[in-house]
Amino acid sequence: MPSVIRVVLAEDEVLLREGLVGLLTRFGFAVDAAVGSAPELLDAVRTHRPDLLVTDIRMPPQHRDDGLRAAVTLRAERPDLAVVVLSQHVQSGYAAALLDSGDGNRVGYLLKDRVADVAEFAATLRRVAAGGTAVDPDVVRHLLRRPRDPLGALSPREREVLGLVAEGHSNAAIAARLHVTEAAVGKHVGNILAKLGLPPDEDTNRRVLAVLAWLRAAR
């Protein structure tokens, strides 16, 4: 770990962002950039290539889980990037993706209202930057409540359809192969997405996420 840890900070609330910049500087971190949106976050990390990213989850432009999704994207690009996300609550889908990214190290998921000691918080950031993990116990409990087999709720037919989706077949092609109507395949796909907990999201390819779940279960 470098003697001075370079950080990109992403937080859309100006006062909190400035407060975190002051805190990090006081504890010896070098803040390369402090930004307020997910697109700025992506640009800042790609430009500065910091040792550590500290980001809120809910950020512009959509004020949903933009910060967490950006962190997952960046970990895919740089598995060695240390990432600590801060949140008011657990976003289970992307939380699992973040914790499973890279080699599983250099990652943290902290709940804001449980950060009570700034010195301990700074020590946690250093531990993650050094290759460790830091996950709030509430996050762990939430994730452990998920079924171990992500496909456990699917029927045999739904598993078959998902397997064909994973092979890249369209609904029409799957219908022809299974000798059913395309409407029936569409219903199966809808059930699969619902059972895997993939809510409607115009910016997320839910079929791709479903395929990732299928691949993980097939390991």
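This is a predicted model: local features need pLDDT of at least 70, side-chain atom pairs count only at pLDDT 80 or more; totals for chains, interfaces and linings use all residues.
Stepping back, the pair belongs to an open sheet of six strands with parallel pairing, in the order β2-β1-β3-β4-β5-β6. At the edges stand β2 (30-35) and β6 (133-135); each has a single partner strand, so one side of each is left without a neighbour in the sheet. On average, and ignoring direction, neighbouring strands of this sheet are turned by 15° against each other.

Helices come next. Helix α1 (residues 14-26) lies across β1, β2 and β4 (82-87), and its direction is at about 175° to β2. Helix α5 (residues 118-129) lies across β3 (52-56), β4, β5 (107-111) and β6, running at about 145° to β4.

Helix packing can be followed in one further pair. Helix α2 (residues 38-48) packs with helix α3 (residues 66-77) at an angle of about 25°, the axes being 9 Å apart. With angles under 35 degrees counted as roughly parallel, α2 and α3 therefore fall into that class. The crossing of α2 past α3 is right-handed. On the α2 side, the contact is made by Ala 38, Leu 41, Leu 42, Val 45 and Arg 46; α3 contributes Asp 66, Gly 67, Ala 70, Thr 73, Leu 74 and Glu 77.

Finally, the aromatic rings deserve a look. A search of the whole structure returns zero aromatic pairs. Phe 29 does, however, have Arg 126 over its face, at 4.5 Å from the ring centre.

Terms used:
Residues are numbered from 1 along each chain as its sequence is written. Side-chain values use heavy atoms; hydrogens and water are left out. Rings of Phe, Tyr and Trp (its six-membered ring) pair if their centres lie within 6.5 Å; planes under 30 degrees apart count as stacked, over 60 as edge-to-face and the rest as tilted. A charge sits over a ring if NZ of Lys or CZ of Arg is within 6 Å of the ring centre and within 35 degrees of the ring normal. Two strands pair if DSSP finds at least two bridges between them. Helices (H or I, at least four residues) and strands (E, at least two) are DSSP runs, numbered from the N terminus. Axes are lines fitted to C-alpha atoms, for helices over the stretch in contact, and angles run from 0 to 180 degrees between N-to-C directions. Contact means heavy atoms within 4.5 Å. Angles under 35 degrees count as roughly parallel, over 145 as roughly antiparallel, 65 to 115 as roughly perpendicular and the rest as oblique. A crossing is left-handed if the near helix is turned anticlockwise from the far one by less than a right angle, and right-handed if clockwise.
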